[in-house]
Amino acid sequence: MENQLKKLMNDAIQMINKYNNIYICSHVQPDGDNIGSTLALAMAIKKLKKNVSIIKVDDIPSDYIFLPHIDMFEEQEYNDSVDLFISLDSSDLIRLGAGKKFALKAKNIINIDHHITNENFGDINIVSPSSGSTGEIVYRFIKDMKVDIDKDMATCLYTAISTDTGRFMYSNTTYETHLIASELLKIGIDINNININLYQSRTIERTRLFLEALNNLELISENRIALVAVTQDMLQNCNAKMEDTEGIVSFIRNIDSIEVACMLKEMSKEEVKVSLRSKKHVDVSKISIKFGGGGHAKAAGCTLYENIETAKDMLLNEISLSFR
Ligand code: 5GP
Ligand code: MN
């Protein structure tokens, strides 16, 4: 497996060297892993004197605005001069949103990811489900590119790794995760500044939404399932945005008896975005896949095109089945 990944990385590096117009695509509702790995790889490719653009397909949550070169994230005019399209941290083409049409036109696609549900849609698929974050794969990739990782790149990679491993707490955290993190510290990142930006800058609006959401917490199935629904009305009441739901689902998973935590986000009257988390036994990626989504065993998501009450019933039904 290791050798196979190494070979795929070498093939991908040769492909990067061959081309000049390179697009790295972010995904919808981008998270720290997606944003951090995308910026780090874009900076590395820029050092090779290539034209590299980042395709921004959705808003950047305020938590990540502090990252160096975040303005490289730009909505791109559609054009057909894409030589190489690189997707990071996305298990399928749908998750690339408006980026999908660039992918379909590109001469080649490199797909770098760590989701077990990855659909291998690239010409080269560097998919490593044993990696805790895409940031860890990108760290190794940039090393293999023989590009020096500078402080800005290290800041972005550390953000990717820290956010996707739940600050080095989740079961996807490995020996290698810590080795890479320590290398990034050696480069001289300002860990205090990173942590303040990522974890100690919650706005009042986000705090109000957190309280309102928790007020509506439902405990189901002998307190093994926790569910929170965030509606558009709640956002309005708190003057908050949907991105301000970050952290709610993992908070409710922390309740001792809970095995599955579920957050429903009412995007519109007929669209509900679902976040699922589990603690020990249940593989929530399998539940998400049933609704056309994906993710990891202990963190996954999907979208239901239903009203929030129907979506809730459908989900609870599937979650209950997973306990049998
Ligand atoms: P979150 O609940 O934080 O949005 O996502 C948890 C995990 O599930 C992330 O790794 C994310 O990439 C994945 N995920 C969330 N929603 C979807 C979806 O609609 N499709 C796929 N393929 N993966 C998703
Ligand atoms: Mn990830």
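What spacing do the donors of the manganese ion (ligand 2) follow along the chain? The donors follow D-x55-D-x24-H-x49-D, where donors are N, O and S atoms within 2.8 Å of the metal (3.2 Å for Na, K and Ca), and water is not among the atoms, so sites may look incomplete. The model is predicted, so local features need pLDDT of at least 70 and side-chain atom pairs count only at pLDDT 80 or more, while totals for chains, interfaces and linings use all residues. Residues are numbered from 1 along each chain as its sequence is written, chains are lettered from A and ligands numbered from 1 in the order in which they are written, and side-chain values use heavy atoms, with hydrogens and water left out.

The manganese ion (ligand 2) is coordinated by Asp 33 (OD), Asp 89 (OD), His 114 (NE2) and Asp 164 (OD), at 2.2 to 2.3 Å. Asp 33 and Asp 89 link distant parts of the chain, 56 residues apart: Asp 33 belongs to helix α2 (residues 32-46), and Asp 89 to the loop between β4 (84-88) and α3 (100-105). Helices (H or I, at least four residues) and strands (E, at least two) are DSSP runs, numbered from the N terminus. Asp 33 and Asp 89 are both buried; buried means under 20% relative accessible area, exposed over 50%, and partly exposed in between (1.4 Å probe, protein chains only).

The protein has twelve helices and twelve strands. For its 324 residues, a compact globule would have a radius of gyration near 20 Å, and the value of 19 Å agrees with this; the radius is taken over C-alpha atoms, and the globule rule is 2.2 Å times the number of residues to the power 0.38. The C-alpha trace spans about 55 × 40 × 40 Å along its principal axes. Of the 324 residues, 53% count as buried. The protein exposes about 15,100 Å², of which carbon and sulfur atoms supply 47%; accessible areas come from the Shrake-Rupley method with a 1.4 Å probe, and for residues only the protein chains shown count as cover. Among contacts (heavy atoms within 4.5 Å) between residues at least 6 apart in sequence, 66% join residues at least 24 apart.

An open sheet of six strands has mixed pairing and the order β7-β8-β9-β10-β12-β11. β7 (218-220) and β11 (294-295) stand at its edges, each with a single partner strand, so one side of each has no neighbour in the sheet. Two strands pair if DSSP finds at least two bridges between them. Strands β10 (residues 271-278) and β12 (residues 299-304) run antiparallel and are joined by six bridges, with Val 272 opposite Leu 304 in β12. Strand β1 (residues 21-25) is mostly covered, four of its five residues being buried. Five bridges join β1 to strand β2 (residues 51-55) in a parallel arrangement, and Asn 21 stands opposite Asn 51 in β2.

The structure holds 13 salt bridges, each defined as a side-chain nitrogen of Lys or Arg within 4 Å of a carboxyl oxygen of Asp or Glu. One of them joins Asp 83 to Lys 107, with the closest N and O atoms 2.9 Å apart. This pair links distant parts of the chain, 24 residues apart: Asp 83 is in the loop between β3 (73-74) and β4, and Lys 107 in the loop between α3 and β5 (108-113). Asp 83 is buried at 11% relative accessibility, whereas Lys 107 is exposed at 55%. Glu 222 and Arg 224 form another salt bridge (4.0 Å, N to O), in which Glu 222 is exposed at 70% and Arg 224 is partly exposed at 30%. Lys 269 and Glu 266 also form a salt bridge, with the closest N and O atoms 3.5 Å apart; Lys 269 is exposed at 62% and Glu 266 is buried at 7%. Elsewhere, salt bridges that share partners join Glu 2, Arg 140 and Glu 176 into one network.

Two loop residues have positive phi values. His 69, a residue other than glycine, has a phi near 60 degrees. His 69 lies in the loop between β2 and β3 and is partly exposed, with a relative accessible area of 40%. Asn 223 likewise has a positive phi of about 60 degrees although it is not a glycine. Asn 223 lies in the loop between β7 and β8 (225-230) and counts as partly exposed at 37% relative accessibility.
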